[in-house]
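Open your viewer and keep the selection tool ready. We will go stop by stop.

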Amino acid sequence: MAVAIDQGYGFKTFSRPPRCKLPSFTQLDFNMLDVSQSKNAQSLEHAFEFTSMHKSSSSPCLSHSSKVKDDYDTNSRIEILVGHAAPRVRALVVEVAIAMASGVNPEPTSSGLGGAYFLRAQNGDAIAVAKPIDEEPLAFNNPKGLAGRMLGQPGMKCSIRIGETGLRESAAYFLDHDSFAGVPPTALVRFSHVNFNLNSLGADSNPVYKIASLQRFVNHDSDAGDLGPSSFSITSVHHIGILDIRLMNLDRHAGNILVRQGHENYAGATAELVPIDHGFCLPESLDDPYFEWLHWPQASIPFSEPEVDYISRLDPYKDAELLRTELPAIGESSIRVLVLCTIFLKRATAHGLCLADIGEMMTREFQGGEEYWSTLENLCLNAKDSLKNGLSDDNDSDSQHEEEVDEEVFQFDAEYEDGLNESTDTNDSLQNSPTNGKPSKIPRFSSMRKLQDLTFPVNKNEEYLVDDHALNTFLDNCADGGNNGDDGAKASALMRSLSFSIQKYNHDGQCISFGEMDDEEWQLFLERFLKLLPKAFEERKAMGLSKQRLGSSCDF
Ligand SMILES: Nc1ncnc2c1ncn2[C@@H]1O[C@H](COP(=O)(O)OP(=O)(O)OP(=O)(O)O)[C@@H](O)[C@H]1O
């Protein structure tokens, strides 16, 4: 049987496709592919070179509805929206197209809070995981009882909008240069006429298309939540951590790290880790990241030479340009978070800090029931303050500002010290230190009152459709994990990473954002920020040394 190729929609066979019918995106028509002739996707891709696949000059359009009038027919289709230029994406899409042409249906997964589906080949092997954007947690077609809000509204993380996690999954793959962290090939695709979940809101809509992230399925033995970290290779932990820091990943819980067991060797720690689920990366504002690896011993081991070299070669401005070109729907404020975090990583590494140091400096802290800005946020607030106060670059103003900052830091540290005094730590050397060996912090709520104009805007007048009672019941059920064996433990881990975000969103929904600055302000801000870094890094190092003197260094 001959392989029929849809000349109009993205393939060429032996003659050029008619110009007028070239679509914006690559499109494969499942039913137009004769599976019996297509032994494997790779050879198919080579045999039938894709057309030039003009990338749409406009942003991928994320529709706010699942009901559309499809111009085509009712055959199942898949199109690449984002990821044409990414390696190994087309092979993945072709494989999925072939599987679907053979009549294989998506298989819903029970884990995770969003709708996620395994796509299998005819022989039953999983090929890919698809996650439709309208089935994300809180989105209107969420199949796990967490539906309600519309796309574009703030989601589980206040700094990431519903419907935008798929874009971020794709961005993480683009930004994982040389497969350093091992993010599986990922694209943003459009499925037409495929059976995904529709809640009552859209149940009568047929035909339907869905935008979804599509990721290569990775064979694995377990996830990091099933094991202690002692078997994980240092390299795997470092590489994932480096990615998480650059992208400010808010959701690196243990379930988002797949584990592939290696063979035992003299070092013992050989398990390879595969990072998945990057939907909560690249927030629109600084936020509180969740790094499961933060207290793993591997994170306290200095970066290796190749890692330092990789970090030194990272170019935040090139990465920013890559996102602007390949994922124009990702906003400038998220791109600035990427730039800032990458600069932070580069400078901290050059200063000799380890992964745990850097991760901790990005993470907020709780003391006495209060949440405090992270060191990174404090640095940004101070840099923004100095811009706002119009301080010039001359030395006098600089030192005057530094004094002001020091005073603020000292006042806070006194408060922090009080807290420590109440706790069990009575070590004199720590108590006598002017900064208490801790990075400077500002009580979150007081600093927010002071800096409201710098925060991520959330329209509090918008009416959200979410049923908060249902949400809370769901969360309670998840948090009741201890009684449910593995699933319960995973749910608990997940909740640890997510629950505060929900609480935060409900209470204030504010974070530090850079989107409101014009280019000149942004550059000035970065200059100010860079000047503040050496002192913060020194403080951090000093803190590490005091810890070591106290004998609390990590044993591995
Ligand atoms: N690339 C992959 N390879 C293998 N399994 C995967 C892959 N991506 C996801 N999975 C599995 O699919 C399930 C759901 O995926 P995922 O955790 O990404 O969904 P989610 O709804 O975004 O989850 P969460 O609620 O943790 O944010 C998980 O069991 C996960 O292990």
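Predicted model: local features only at pLDDT ≥ 70, side-chain atom pairs only at ≥ 80, totals over all residues.

**Stop 1: the ligand and its shell**

**Stop 2**

Zoom in on Ser111. An N or O atom of the Ser111 side chain sits 2.5 Å from a ligand oxygen. Move to Asp277. Here a polar side-chain atom is 2.8 Å from an oxygen atom of the ligand. Now pick Val218. This time the backbone takes part: one of its N or O atoms is 2.9 Å from a nitrogen atom of the ligand.

How much of the ligand does the protein bury? Alone, the ligand would expose 610 Å², and 91% of that is buried by the protein.

**Stop 2: helix 9**

Select residues 375–388, which make up helix 9. At 1.5 Å a residue, its 14 residues should span 20 Å, and the end C-alpha atoms are 20 Å apart, so the two agree.

Is this helix enclosed or open? Twelve of its 14 residues are buried, so helix 9 is largely enclosed by the rest of the structure. Among the buried ones are Thr375, Leu379, Ala383 and Ser386.

**Last stop: Gly390**

Step past the helix to Gly390. This residue follows helix 9 and has a positive phi, near 65°.

Definitions and conventions. Residues numbered from 1 in each chain as written. Heavy atoms only, no water. Polar contact = N/O pair within 3.5 Å; in protein donor to acceptor, adjacent residues only side chain to side chain. Areas by Shrake-Rupley, 256 points an atom, 1.4 Å probe, with all protein chains shown as cover. Helix = DSSP H or I, 4+ residues; strand = E, 2+ residues; numbered from the N terminus. Expected span 1.5 Å × (residues − 1). Buried < 20%, exposed > 50% of the residue type's maximum accessible area, 1.4 Å probe, protein only.
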